[in-house]
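User: I would like to learn how to read helix packing and charged pairs in a model of this kind. Could you take me through the features one at a time?

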Amino acid sequence: GVSSAASDVYKRQINGNDGKLGRHLKKIDFDAIERMKAEGMTNTQIYKRLGIAKSTYYLKLREYNQNL
């Protein structure tokens, strides 16, 4: 069989997509966010409506604002 050291390296290569583990994040619809904000919705209402975590919402919002 494969030695455990070799299989560890192999696993790291599979999982090592730039160190971003876990599932891909949903594409955040910033147009929808802008519309909801324009309608007077709060950030809390928006990320709950989008079904994303608060931390994800604020992280993506910050990235989005930096890229404007």
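Predicted model: local features only at pLDDT ≥ 70, side-chain atom pairs only at ≥ 80, totals over all residues.

Analyst: Let us begin with the elements themselves: helices (H or I, at least four residues) and strands (E, at least two) are DSSP runs, numbered from the N terminus. Residues are numbered from 1 along each chain as its sequence is written, and side-chain values use heavy atoms, with hydrogens and water left out.

User: How many helices and strands does the chain have?

Analyst: The secondary structure comes to 4 helices and 0 strands, and the order from the N terminus is α-α-α-α.

User: How are H2 and H3 packed, and at what angle?

Analyst: Two packed helices are described by the angle between their axes and the distance between the axes. Axes here are lines fitted to C-alpha atoms, for helices over the stretch in contact, and angles run from 0 to 180 degrees between N-to-C directions. Helix H2 (residues 30–38) and helix H3 (residues 43–50) pack at about 140 degrees, with their axes 10 Å apart. That angle makes H2 oblique to H3, since angles under 35 degrees count as roughly parallel, over 145 as roughly antiparallel, 65 to 115 as roughly perpendicular and the rest as oblique.

User: Which residues of H2 and H3 meet?

Analyst: Taking contact to mean heavy atoms within 4.5 Å, Ile33, Met36 and Lys37 in H2 meet Asn43, Ile46, Arg49 and Leu50 in H3. Leu50 also lies 8.7 Å from Asp29, C-alpha to C-alpha, although the two are 21 residues apart in sequence.

User: Which side chains form a salt bridge, and is Lys60 buried or exposed?

Analyst: Side chains of opposite charge can pair when their charged atoms come close. The rule asks for a side-chain nitrogen of Lys or Arg within 4 Å of a carboxyl oxygen of Asp or Glu, and by this rule the count is 1 salt bridge. It joins Lys60 and Glu63, at 3.1 Å from N to O. These two residues are 3 apart in helix H4 (residues 54–66), so about one helical turn separates them. As for accessibility, buried means under 20% relative accessible area, exposed over 50%, and partly exposed in between (1.4 Å probe, protein chains only). Lys60 is buried at 16%, whereas Glu63 is partly exposed at 32%.
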